[in-house]
Amino acid sequence: MHELKKEFYGKLVIGAGTVYDDTAYSRALRSNADFVLSPGFSEEIAKLSIRDGISYIPGVYTSTDIQTALNNGFNFLKLFPGGAEGLNLLKAFRGPFPTVKFMPFGGVTSENATEYMRAGAVALGIGSYIANRNLFDEGREGEVLERIQKIRRAVNASS
């Protein structure tokens with residue numbers, strides 16, 4: 001992460017994911033992460049992030065999860081998991097939670113990115129669709145770039 005941030009200083013924001021305990025949180029800080037994400041809301045990570053001034057994006061899936069995050073001062077939330085059900089949840093949550101900024105994560109691809117953005121997502125969490133180990137292991141880096149371009153076109157088509 002340090003090398004990427006050096007090379008793309010000011011142009012790249014890098015987060016550390018699956019941060020659910022203080023060990024993973026400390027590792028993310030040492031890696032110079034700009035923000036941390038977790039699959040669910042963690043009071044421990046929330047307190048640590050506030051103390052250290054690092055953005056925390058907790059995962060939510062239910063209205064209770066969202067309310068808990070809001071009650072703790074967090075309104076940029078990771079809707080996890082995404083996929084078809086996540087899209088339906090995003091549409092349903094926009095009404096009762098108009099101030100929440102949702103970032104669907106998991107199952108987001110170029111095929112559904114436009115739909116997510118039109119449904120109210122403010123960002124998209126795209127992991128294995130782009131950072132797919134098989135593509136790299138098989139020397140198919142060109143396909144990774146193609147997927148990035150497809151996502152970019154899908155997001156641009158949503159506006």
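This is a predicted model: local features need pLDDT of at least 70, side-chain atom pairs count only at pLDDT 80 or more; totals for chains, interfaces and linings use all residues.
## Ground rules

Local features here need pLDDT of at least 70 and side-chain atom pairs count only at pLDDT 80 or more, while totals for chains, interfaces and linings use all residues. Residues are numbered from 1 along each chain as its sequence is written, and side-chain values use heavy atoms, with hydrogens and water left out.

## Helix α2

Let's start with α2, residues 22-30, where Ala24, Tyr25 and Ala28 are buried (under 20% relative accessible area, 1.4 Å probe, protein chains only). Helices are DSSP runs of H or I with at least four residues, and strands are runs of E with at least two, numbered from the N terminus. Viewed down the axis of α2, the buried residues fall within an arc of 100 degrees, so they line one face of the helix; the arc is that of the directions from the helix axis to the C-beta atoms.

## The nonpolar core

The largest nonpolar core holds 37 residues, of which Val19, Val36, Ile66 and Phe102 touch the most other members. Such a core is a set of buried Ala, Val, Leu, Ile, Met, Phe, Trp, Tyr and Cys residues joined through side-chain atoms within 4.5 Å. Helix α5 gives the largest share, four residues.

## Strands β4, β5 and β6

β5 pairs in the parallel sense with β4 (residues 59-60) over two bridges, and with β6 (residues 101-104) over four bridges. Pairing requires at least two DSSP bridges between the strands. Leu79 of β5 stands opposite Val60, and its bridge partner in β6 is Pro104.

Conventions: Buried means under 20% relative accessible area, exposed over 50%, partly exposed in between (1.4 Å probe, protein chains only).
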